[in-house]
Amino acid sequence: MFKCDHELFCEYKDVIDDYVKRCIVESDSDSLLNCQEFYLPDHAVVRSDKTTSRLRIVFDDSAQEDGHSSLNQSLYMGPNLHPNIFELLLSFLENPVAFTADVKSAFL
């Protein structure tokens, strides 16, 4: 894919570099010397109609090798923090002020 599109490669590299700069990902090859390695497949989603974020990287956390667990299967599944959406919505009526937030890249 990158061999045919150098511009896409540069955009992809910029996004990964931004992840490293914001400490979303890190490179620490020394700590991997005696550990089991895990590769997380990823691919680019390109939206030509977008101007600010044309490229988005999607990671496949459910990918697995034969006989091994996926990353999704290895993660601890905590309790449901919003078990009843109706009660959550009603809680907005209890106070005169409610706060909301737009979290950028929440699932990274």
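Modeller: The largest nonpolar core has seven residues, namely L8, Y12, V15, Y19, A44, L55 and I57. At least two residues of this core come from each of α1 (6-21) and β2 (55-59), and α1 gives the most, with four residues.

The model is predicted. The protein averages a pLDDT of 80, and 83% of the residues score at least 70. Confidence is highest in α1, at a mean of 88, and lowest in helix α2 (residues 71-74), at 84.

The length of α1 agrees with expectation, because 16 residues at 1.5 Å a residue should span 22 Å and the end C-alpha atoms are 22 Å apart. The buried residues of α1 are L8, E11, Y12, V15 and Y19. Seen down the helix axis, these buried residues fall within an arc of 100 degrees, so they line one face of α1. On the face turned away from that buried side are the exposed residues H6, E7, D14 and K21.

The buried residues of α1 pack against β1 (42-46) and β2. Leaving aside residues up to four places away in sequence, V15 touches L55 and I57.

As for the two ends, D5 caps the N-terminal end of α1, with a side-chain oxygen 3.3 Å from the backbone nitrogen of E7. Just after α1, C23 takes a positive phi of about 60 degrees.

Notes
Residues numbered from 1 in each chain as written. Heavy atoms only, no water. Core = buried A, V, L, I, M, F, W, Y, C linked by side-chain atoms within 4.5 Å. Buried < 20%, exposed > 50% of the residue type's maximum accessible area, 1.4 Å probe, protein only. Contact = heavy atoms within 4.5 Å. pLDDT = per-residue confidence, 0-100. Expected span 1.5 Å × (residues − 1). Arc of directions from axis to C-beta. Polar contact = N/O pair within 3.5 Å; in protein donor to acceptor, adjacent residues only side chain to side chain.
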